[in-house]
Amino acid sequence: MQAAQANRLREGGRIDRSRPLKFSLNGKAYTGFAGDTLASALIANGVGLVERSFKLRRPRGIFGSGAEEPNVIVQVGEGAEAQPGLPATRVELRDGLIAHTARGWPSVRFDIGAINDLFGRILGAGFYYKTFMYPRSWWKYYESAIRRSTGFGRAPAASDPDAYEHRNAHCDVLVAGGGPAGLMAALVAAKSGARVILADDGTEFGGSLLACGEDVAGAPAADWIAGIVAELGEQPDCVLLPRGAVLGYHDHDFLTIAERCDSGEPVERGLHPPVRERLWRIRAKRVILAQGGFERPLAFCNNDRPGVMLASAVSTYIHRYAVLPGRRAVVFTNNDSAYRTALDLAVAGAAVAAIVDSRPGGGGELAIRARDLGIPVLQGRVVCDVTGRHRVKGVSVAEWSGDSWENISKTAHFDCDLLAVSGGWSPAVHLHSQAGGQLDWSEAQLCFLPSRARQCHDSAGAGNGKQSLGDCLIDGLRAGTEAVAKLGLTPIAIEAPDAGSAREAPIEALWRVPAEKEADRCLKQFIDFQNDTTVADIRLAVREGYRNVEHVKRYTALGFGTDQGKLGNINGMAVLADVLGKTIPEVGTTTFRPVYTPVRFGTVAGESVGALYDPVRQTALHEWHEAVGAPMEVVGQWHRPWYFPRDGEDLHTAVARECLAVRNSVGAMDASTLGKIDARGPDVVKFLERIYTHNVGRMKVGRCAYGIMLGEDGMVMDDGVMARLGENHFYLTTTTGGAAGVLNWLESWLQTEWPELEVYLTSLTEHFSTIALAGPNSRNLLEKLGCDIPLDRESFPFLTVRAANLAGMPVQLFRVSFSGELAFEINIGSHLALQMWRKVMDAGREFDIIAYGTETMHVLRAEKGFIIVGQETDGSVTPVDLGMNWLLSKEKDFLGKRSLARPDCLREDRKQLVGLLSSDQRTVLPEGTQLIEQTACGVLETRPVPMCGHVTSSYFSPSLGHPIALALVAGGRARKGDNVFAALPGREPLPVEVVSPAFYDPKGERQNV
Amino acid sequence: MSESTSRRHVETGVLENRGFLNLRLDPHKEKAVKAAEQILGQAVPLVSNTYGSGEHRVYWLGPDEWLIETDAGDVVALENELAMALAGSSAAINDVSGGYVALRIVGADARTVLAKGCTLDLHPPEFRPGRCARTRLARTTILLAADGEPDSYTIIAARSFTDYLRRWLAHAAEK
């Protein structure tokens, strides 16, 4: 089994050789060890060609070792658990892991799409834009074909079986990145008494230290890391988040971290599956960004062949995973760091055929060490081409004059199976930039360095442009110490540990190696590997007129992949600057946006899925409604009983029965969801006069009134019954949906516009439950329940309120009606409401009482032509449109009054509330139906057809025996008796008659008995 | 307190027999404040986001608004006494006992469970005993108070959201 891992070194690495793991890629079985990533295990097994590229279907292998990996993007798992779009370098190996690559058909080795590569000349930037434009109507066909051939995996069809959660946290210092600088910063901050969170994307802390052979404080780096992590773990307020990718740096020092909570081991899900990924929402006082840097590749012909890798990735595979990615290597660099990789390769037993260094003067101290090991070092040379298609077979080397526009010719060839490249380092400035921080171009280091911060952040280590390990440790210590001081704490004194630092020669600007042929014809110099963006594409974009880096990015897809350009962006900008004849800082960078690494949708949703998707508000009577099996209607977040079916009744039968029961005897409804506000104070009348349109001051104590409030635009905003409980004491009701908004509206007037008014508002929506009793027997029912006040018409007339004791419980009784029947509303403390409801239903048996739901309530009020705000109104309807002129006081001012005098509000052809009767006596018009005018020669003669309104409410009326509808019709009140036409889908337009909206008992005699 | 235990070291339960009064009063009217304090037998907290303990708990909700938590059986009498004492002071006293449910969450992991749905910093120096805040828990508004004992919090939630909130808490405590 182990023999299969031919590239595995016999010793070393952070892997556990006692735990071999089986896994498969594209159906083929392999083995690896605990501690491997999918990428390291594949390299250990000698799998060089892993994937096909996105557009040109070129063979690709693993190029990097972390979040920057552009090539090998896999789908892990199967069925509902499948997770697409993961770079193999970030997939922790586990036993039984099943992975698939996104492309390669019929196989990765013989991908039929590779034919695209032959047409690479025409598949340049903008190919799709240019080709599939015409004819325009064909795009829908093009699109489905194009979509099928792209993508980085298949989204699972089943819902995600895993659990996710959110966690809010606060800290003094958040350290992003647990490498040498981050560990030092966290240590000094935590030991100085700060609350610290240390997050690192990797499975363990250490960062670059895990991938080098250097000593720290005279001991192997691993020992030093373990010591620091143990020390941090002992601090009382230090949270360590390995596997925690900092995704975003948002405003006000708010950061998000996705923590992978499992190591990928299979889990028992059961009733409470463990959390797979956790989204941390962190508010930090100081932030230290120590995320290190990304090594840049170099642009030369066929620089994407499997076997070309980042030099730092090669070192990582050797040191961290004990994997040797090649037997005979060439190293190509423009800086000193890759010399370390050459030394690592040599020590691990590989032959290093040559170090090709573009700099005429070569490297510093490390170059001397390489020469001492007998490695040939070629100075002032570049790798100009790679041979081998599915695997590097050799490299061509040419002399380098420093001019990338000059054609060159190869002078030497080296056989090799691995080419390690290094184009220098770019600090990971993503979070710094997301936070609004400024970037400065360093001509000495050839990279953007973080400079002025806009929020409370600082950068440290390689992310701050520090190059040697020793400098990174010192910089981390500095950043941690400064953060502590800025918090007002006293930083403790810690010494930075000793670490090696070699004298380095400066980096050389080498953004593109010249080609042997005219550079334009060379389409194989890749800048963004994931999107197959080449140097030629960038030149083409410029030739076609694109100048701005953001435009070039969008035209060439540079940096658009799942790696978000971590690998190729800076090289692309440098090439663009070169082509435009500008400097790199003049060209600038594209915008860095969250998220830093891809994140699962489940993590974003957290626990707000399934039964916890949205809060459910229940009335105090919910238990009873549920017990009798009432289907619920969701109104805002409230669950209200819709209707109460008996013996398998459907909606229409149940509603017909409920309506008739109310009209003929008595029904009870749970009206608790209405908004309820207690308003009192010496200025309460003055205040309510300004809010409501009617004469509030004229209401006598004990009286109720229907009131509406308007927005400043004169449009109806909310309505409800209000009652005057005392001289300076009112009780207001609002619509269910408007409850919170109306209270806020009233408070905002009180607090910001009229603070001189002494008025106190208290929400009683939750405190009071409301039981509506409607029907000719409702008074008899109250009497039977035992009421301590007289209920006859004279003592307790329509539209009054009384405090009473009903069935032994204190209540407020309102004589109001939303059904047109004799009706009462019982207001009772919610803690007593269920008890009262049961008594009502028991006592009501004598009258064949029924419970009715929202549907019956709607039918009953529509039969009376009573409006519902939000159904008959939509924010563009005035009280005049609704025929409510009688509610508009002429004697006082109120909010919205002036707007009603605008010419538009006075138009005679405004849409007005009317009733409609279907001419066929049968058709219940769908709500929302458009109403159209009859024309001389038939309704559909002219186009567009003349429209005159729409249906707002529509029901079958069981009491009347025919359908009824409410509608808004242009100039409708003057058109009673006219016919308009209802446009019905799939049918001839139906004539409907415009009538008064009060269909039932238009004189209102039934409610006033 | 009816209790439920879970995988985490935390217990949640409903506090039975709690009654609530909402008090609105101009804090600058010293006479009225004194009158209220005399009836309550304890100070009305004037410092934001604090509550006073005594025979009742008096939570600061806003510059001129307090929530009084007391025994359910005492609410009516207390409301009447306060109303009488504050008559003529243009204060508003309302029985809101039906509107709220008090929950208690206790245990070493109480803070962790709350942190899943509450964005406040509940770290003891920041949110110590005697502090309270109207805030969000999961997707509802609550009044949260740090109790006198460590790792114990009172959640006062709107009644209609209680079922959702209890399900959310049970779920959060299992992770």
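Chain B contains four helices and eleven strands, where helices (H or I, at least four residues) and strands (E, at least two) are DSSP runs numbered from the N terminus. The model is a predicted one, in which local features need pLDDT of at least 70 and side-chain atom pairs count only at pLDDT 80 or more, while totals for chains, interfaces and linings use all residues. Residues are numbered from 1 along each chain as its sequence is written, and chains are lettered from A and ligands numbered from 1 in the order in which they are written.

Along the principal axes, the C-alpha atoms of chain B fill a box of roughly 55 × 30 × 25 Å. The radius of gyration of chain B is 16 Å, which agrees with the value near 16 Å for a compact globule of 175 residues; this radius is taken over C-alpha atoms, and the globule rule is 2.2 Å times the number of residues to the power 0.38. Of the 175 residues of chain B, 47% count as buried. A residue is buried if 20 or more other C-beta atoms lie within 10 Å of its own, exposed if 12 or fewer, and partly exposed in between, with C-beta atoms placed from the backbone. Two residues are in contact if their C-beta atoms, placed from the backbone, lie within 7 Å. Among the contacts in chain B between residues at least 6 apart in sequence, 57% join residues at least 24 apart.

The domain assignment divides chain B into domain 1 (4-15 + 101-173) and domain 2 (18-98); such bounds come from an automatic or database domain assignment. The C-alpha centres of these two domains of chain B lie 24 Å apart. Eleven residues from domain 1 of chain B and eleven residues from domain 2 of chain B take part in the contact. On the side of domain 1 that touches domain 2, strand S9 (132-137) and S10 of chain B are the elements that give two or more residues, and the largest share, three residues, comes from S9(B). That side of domain 1 divides into six nonpolar, two polar and three charged residues. Here Ala, Val, Leu, Ile, Met, Phe, Trp, Tyr, Cys and Pro count as nonpolar, Asp, Glu, Lys and Arg as charged, and the others, Gly among them, as polar.

The contact between the chains involves 36 residues of chain A and 29 residues of chain B. On the side of chain A that touches chain B, the elements that each supply at least two residues are strand S8 (163-176), strand S34 (675-680), strand S38 (760-763), strand S39 (768-774) and helix H22 (830-844). The largest share of this side, seven residues, comes from S8(A). By class, the residues of this side of chain A are twelve nonpolar, 14 polar and ten charged.

13 bridges join S8(A) to S15(A), and the two run parallel; strands pair if DSSP finds at least two bridges between them. In this region A:Val175 stands opposite A:Ile288 in S15(A). Strand S14 (residues 254-260) of chain A runs antiparallel to S15(A), with seven bridges joining them, and A:Ala258 has A:Leu279 of S15(A) as its bridge partner. S15(A) and strand S28 (residues 457-459) of chain A pair in the parallel sense over three bridges, and A:Leu289 has A:Ser459 in S28(A) as its bridge partner. Strand S15 (residues 275-289) of chain A is mostly covered, with twelve of its 15 residues buried.

The largest nonpolar core has 336 residues; a nonpolar core is a set of buried Ala, Val, Leu, Ile, Met, Phe, Trp, Tyr and Cys residues joined through C-beta atoms within 7 Å. The residues with the most contacts inside this core include A:Ala185, A:Val196 and A:Val330. Helix H5 (residues 180-191) of chain A gives the largest share of the core, nine residues. Domain 1 and domain 2 of chain B both give residues to this core, so the core lies between them. A:Val330 touches, among others, A:Ala353, A:Val383 and A:Leu419, not counting residues up to four places away in sequence.

Some backbone features remain. A cis peptide bond, with omega about 5 degrees, joins A:Pro594 and A:Val595. A:Ala217 has a positive phi near 50 degrees, and B:Asp151 has a positive phi of about 60 degrees.
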